[in-house]
Amino acid sequence: SEGGPNQPDSSQDVMQQLLATMTQLLVKQQDTGFNIKPPAPEKYDGTRSTKVIDNWFASVEHYFSLSQHKHNPDTWYLYAASYFSDNAQTWWRRQQATGVRVNSWQHFKELVLNEFRPKNAHRGARDRLHGLKQTSTVSAYLHEFQDIWLEIPTMTEDEAYDRFWRGLTPRARTDVMKPNHPDTFDELAQRAVAWEAAEQC
């Protein structure tokens, strides 16, 4: 009779069919590869800002590290140059016309930085860092501090730790060191932000 003990339950049949279909799909994905296409980098127009250039480099490197070119970083510059516009595009066309040879991604980055990084950026950043203090929120102070740090590649983490700590307000400077001193800059920054959030509660 219908629904007898020897007759398989229809819901179980459906589940088994679904599982079989999913298994086949997974096997097919493994055979063909499952590729995720990352968003393309923004165009770089030649803006003379260390922060803008570094962020552009980071977006390009992230893009290519997830693409089919991830195993050939020395060829990245060939594709990265296609994301130039305006002044950057004009400069690159001039490099090609004069026969400049690029032999690696790192060499390409050096050429771009030498051309578009603001002159004396390092000295100007040092001057800004010298006068930097927390005048509003910890988050705003941290954001500005990290922007300046990008322009001073020779600044060590130990120096950054000391300068960031000294620029905090006296109360924050005391409280972030309790119950023990943070070991790293990131830990110090996180503790300062957390301290501010607790104070606002």
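## Charges over rings

In this predicted model, the charged end of Lys 109 sits over the ring of Phe 57, at 5.4 Å from the ring centre, where sitting over a ring requires NZ of Lys or CZ of Arg to be within 6 Å of the ring centre and within 35 degrees of the ring normal. Arg 173 likewise lies over the face of Trp 165, and here the distance from the ring centre is 5.8 Å.

Residues are numbered from 1 along each chain as its sequence is written. Because the model is predicted, local features need pLDDT of at least 70 and side-chain atom pairs count only at pLDDT 80 or more, while totals for chains, interfaces and linings use all residues, and side-chain values use heavy atoms, with hydrogens and water left out.

## Aromatic pairs

The structure holds 26 aromatic pairs, a pair being two rings of Phe, Tyr or Trp (its six-membered ring) with centres within 6.5 Å, called stacked if the planes are under 30 degrees apart, edge-to-face if over 60 and tilted for the rest. One of them joins Tyr 63 and Phe 64, edge-to-face, at 5.1 Å centre to centre and with 65° between the planes. Tyr 63 is buried at 14% relative accessible area, and Phe 64 is buried at 1% (buried means under 20%, exposed over 50% and partly exposed in between, with a 1.4 Å probe and protein chains only).

Phe 145 and Trp 149 form another edge-to-face pair, 6.4 Å centre to centre with 70° between the planes. Both residues belong to helix α7 (residues 138–150), where they are four residues apart, about one turn of the helix; helices are DSSP runs of H or I with at least four residues, numbered from the N terminus. Phe 145 is buried, with a relative accessible area of 1%, whereas Trp 149, at 22%, counts as partly exposed.

## A buried glutamine

Gln 134 is found in the loop between α6 and α7, and with a relative accessible area of 10% this residue is buried. A polar atom of the Gln 134 side chain lies 3.1 Å from the backbone nitrogen of Thr 169.

## The second largest pocket

Among the residues that line the second largest pocket are Thr 50, Asp 54, Arg 117, His 122 and Glu 151. A pocket is an open set of points on a 1 Å grid over the protein atoms alone, where a 1.4 Å probe fits, with protein on both sides within 12 Å along at least five of seven lines, and lining residues have an atom within 4 Å of a point. Helices α2 (50–65) and α6 (121–130) each supply at least two residues of this lining.

How values were computed:
A polar contact is a pair of N or O atoms within 3.5 Å; within protein, one must be able to donate a hydrogen and the other to accept it, and residues adjacent in sequence count only if both atoms are side-chain atoms.
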